[in-house]
Amino acid sequence: MPSARLLVLFGSQTGTAQDVSERLGREARRRQLSCRVEALDSYPVVNLINEPLVIFVCATTGQGDPPDNMKSFWRFIFRRSLPSTALRQMDFAVLGLGDSSYAKFNFVAKKLHRRLLQLGGSALLPVCLGDDQHELGPDAAIDPWLQDLWEKVLGPHPVPLNLDLSPPGVLWPSKFTLQFLKDTPSSGPEELCAAGTDPQGPPSELQPFLAPMVSNQRVTGPSHFQDVRLIEFDISGSGISFAAGDLVLIQPENTASHVQQFCQALGLDPEQHFTLQPREPGVTCPTRLPQPCSVRRLVSQYLDIASVPRRSFFELLACLSPHELEREKLREFGSARGQEELCEYCTRPRRTALEVLCDFPHTAAAVPPDYLLDLLPLIRPRAFSIASSLRAHPSRLQILVAVVQYQTRLREPRRGLCSSWLASLDPAQGPVRVPLWVRSGGLTFPKTPDVPVIMVGPGTGVAPFRAAIQERVAQGETGNVLFFGCRRRDQDFYWEAEWEQLQARGCLTLVTAFSREQEQKVYVQHRLRALGPLVWELLDGRGAHFYLAGNAKYMPADVCDTLLSIFREEGGLSDPDAAAYLAQLQRTLRFQTETWA
């Protein structure tokens with residue numbers, strides 16, 4: 001290997017940044033560069049002062065926040081005590097992953113790039129801004145940037161003349177080996193792991209609480225286009241506590257029919273058991289995976305066979321394929337020039353990894369079990385806003401779940417893995433337990449008494465505000481203003497009776513917008529504008545906090561535009577002053593949002 005040591009550090013929330021980082025690692029090794037790939041919070045950050053060459057791959061989440069697995073690094077790197085020469089020996093590059101429909105597009109990558117320069121680092125390239133909104137996805141920006149990166153890296157750190165660039169189709173060893181057991185082990189290891197015996201501290205991803213599901217109730221009318229569920233869990237004895245604005249994370253499973261289909265396509269015996277062994281020192285096995293484990297459990301609870309596969313999936317499948325025609329097509333999908341066709345085949349119609357494997361049957365049947373964890377990502381937990389307060393519902397945790405189902409040009413409807421799985425569970429048919437844990441959310445509510453709050457929560461965006469209103473009412477706070485919007489009062493007006501009862505008690509001011517009940521559509525921003533004098537008086541006269549939650553597509557921008565017009569018309573502010581007023585509310589956390597695509 002050349003003397004250059006390349007380090008790739010990633011901050012990933014949904015797995016895309018990790019996938020890109022592992023691609024970087026593969027491409028580095030093809031160029032005979034020594035390369036390590038690590039999550040930012042797993043890397044001892046003080047060692048950065050000894051690293052000559054580092055690529056940072058980081059996603060931006062929420063409203064410009066770093067992913068969970070780089071938050072410790074983020075706090076450290078922005079310490080004021082760090083000297084301006086701390087990283088003067090380091091060449092670096094930053095690759096960002098974001099979504100241009102959000103106001104703070106790739107904020108984390110941009111801010112990290114500036115900070116590394118402040119600490120004396122030398123940037124090999126301008127920051128790369130991958131965009132989910134591009135029709136070809138982040139690769140549209142990543143591909144040309146990587147080409148420039150390797151030219152820069154191999155300039156000061158050239159490949160020795162006696163080493164060749166390995167061709168892209170060369171198959172690298174799998175990360176792990178699956179050692180199948182001749183005898184089925186007695187029941188125990190898997191169940192013990194699942195049951196979370198001997199928990200260390202509060203429930204977490206490594207040790208979730210198996211919460212009994214108490215009820216699973218559809219709360220939209222029978223003729224409504226969407227199935228929305230109010231689901232309640234019993235968290236007695238779990239050690240779980242939460243506040244308004246917190247999130248519950250739930251670990252879903254693949255359906256039994258998909259598990260069976262996958263095992264058939266790959267020729268796997270679901271009842272066979274195996275142990276997992278890393279091939280290289282320093283590589284650890286997935287911590288949630290029990291040892292030994294059955295193939296059925298691996299596929300049902302760990303491998304994300306229902307996800308839309310990324311480009312790296314096709315690159316590896318092409319290497320594994322023994323079938324000439326299938327291999328040629330897979331190579332095309334895995335190449336830079338084939339990204340438009342891949343988008344048409346896979347990304348736009350949301351074709352799943354399982355469906356792709358069924359489309360390439362000769363390749364699927366030849367996939368060695370050792371490569372399963374290289375080929376497929378692990379199922380990631382899904383986050384839901386907690387929709388209840390422990391003060392109102394002791395030992396209970398409630399969520400509002402919109403079951404994701406939509407049609408593409410594929411015959412089979414697309415279904416959300418977690419929401420569909422949750423909707424299928426019926427506690428009336430027998431005990432149901434769901435692995436879950438809690439973490440802090442993006443919304444924090446005022447601790448100071450008598451501070452009013454204005455909450456705008458159309459649709460299922462109202463969930464965190466129900467928790468906040470229950471919490472505040474229990475504490476005697478009456479300054480609660482809720483703007484709620486839905487299609488029709490009789491179809492999707494969540495918690496109608498509860499809101500009206502609180503309003504009758506003087507604990508809540510409820511403002512509704514039913515968009516489909518009149519010829520002209522009425523949304524929450526229209527109601528907000530109509531009550532502009534009240535909004536301005538609460539914000540400017542009484543120091544109110546303003547919260548917004550819901551779909552990220554148009555509503556957040558429309559609400560912000562409405563607020564700016566209120567500041568101009570009711571507050572008499574100029575355009576620049578109105579924008580500065582809104583920015584000040586955001587800086588002081590008196591304006592907070594929680595939106596999702």
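Where does aspartate 450 lie? Aspartate 450 sits in the loop between β17 (433-439) and β18 (453-456), and we will come back to this residue below. Welcome to this structure, which is a predicted model. The chain contains 21 helices and 22 strands, and 51% of its 597 residues count as buried. Here is a short tour, topic by topic.

**The chain as a whole**

- A compact globule of 597 residues would have a radius of gyration near 25 Å, and the chain, at 26 Å, agrees with that.
- Take the contacts in the chain between residues at least 6 apart in sequence: 77% of them join residues at least 24 apart.
- The accessible surface comes to about 27,800 Å², and carbon and sulfur atoms account for 50% of it.
- As for charge, there are 61 positive and 65 negative side chains, with the centres of the two sets 3 Å apart.

**Aromatic pairs**

- Searching the whole structure turns up 16 aromatic pairs.
- One of them joins phenylalanine 314 and phenylalanine 333 in an edge-to-face arrangement, 5.5 Å centre to centre with 70° between the planes.
- This pair links distant parts of the chain: phenylalanine 314 belongs to helix α8 (residues 311-320) and phenylalanine 333 to helix α9 (residues 324-334), 19 residues apart.
- Both phenylalanine 314 and phenylalanine 333 are buried.
- Phenylalanine 546 and phenylalanine 591 form a stacked pair, with 5.5 Å centre to centre and 5° between the planes.
- Here too distant parts of the chain are linked, since phenylalanine 546 is in strand β21 (residues 545-551) and phenylalanine 591 is in strand β22 (residues 591-596), 45 residues apart.
- Phenylalanine 546 and phenylalanine 591 are both buried.
- Phe313, Phe314, Phe333 and Tyr345 together make up one aromatic cluster.

**Buried places to look at**

- Helix α14 (residues 417-424) is largely enclosed by the rest of the structure, because 7 of its 8 residues are buried.
- The buried residues in α14 are Leu417, Cys418, Ser419, Ser420, Trp421, Leu422 and Ala423.
- Aspartate 139 is found in helix α4 (residues 139-154).
- With a relative accessibility of 14%, under the 20% cut-off, aspartate 139 counts as buried.
- Setting aside neighbours within four places in sequence, aspartate 139 is in contact with Arg23, Pro144, Arg311 and Gln339.

**Backbone points of interest**

- Most residues other than glycine have a negative phi, and most peptide bonds are trans.
- The peptide bond from glutamine 291 to proline 292 is cis, with omega near -5°.
- Proline 292 is in the loop between β11 (273-278) and β12 (293-294).
- Back to aspartate 450: this residue has a positive phi of about 65°, although it is not a glycine.
- Is aspartate 450 buried or exposed? Its relative accessibility is 62%, so aspartate 450 counts as exposed.
- Tryptophan 495 also has a positive phi, near 60°, and is a residue other than glycine.
- Tryptophan 495 has its place in the loop between α16 (489-492) and α17 (496-504).
- At 13% relative accessibility, tryptophan 495 counts as buried.

Methods:
Residues numbered from 1 in each chain as written. Predicted model: local features only at pLDDT ≥ 70, side-chain atom pairs only at ≥ 80, totals over all residues. Heavy atoms only, no water. Helix = DSSP H or I, 4+ residues; strand = E, 2+ residues; numbered from the N terminus. Rg over C-alpha atoms; globule rule 2.2 N^0.38 Å. Buried < 20%, exposed > 50% of the residue type's maximum accessible area, 1.4 Å probe, protein only. Contact = heavy atoms within 4.5 Å. Areas by Shrake-Rupley, 256 points an atom, 1.4 Å probe, with all protein chains shown as cover. Lys, Arg positive; Asp, Glu negative; His and termini not counted. Charge placed at Lys NZ, Arg CZ, Asp CG, Glu CD. Phe/Tyr/Trp six-rings, centres within 6.5 Å; stacked < 30°, edge-to-face > 60°.
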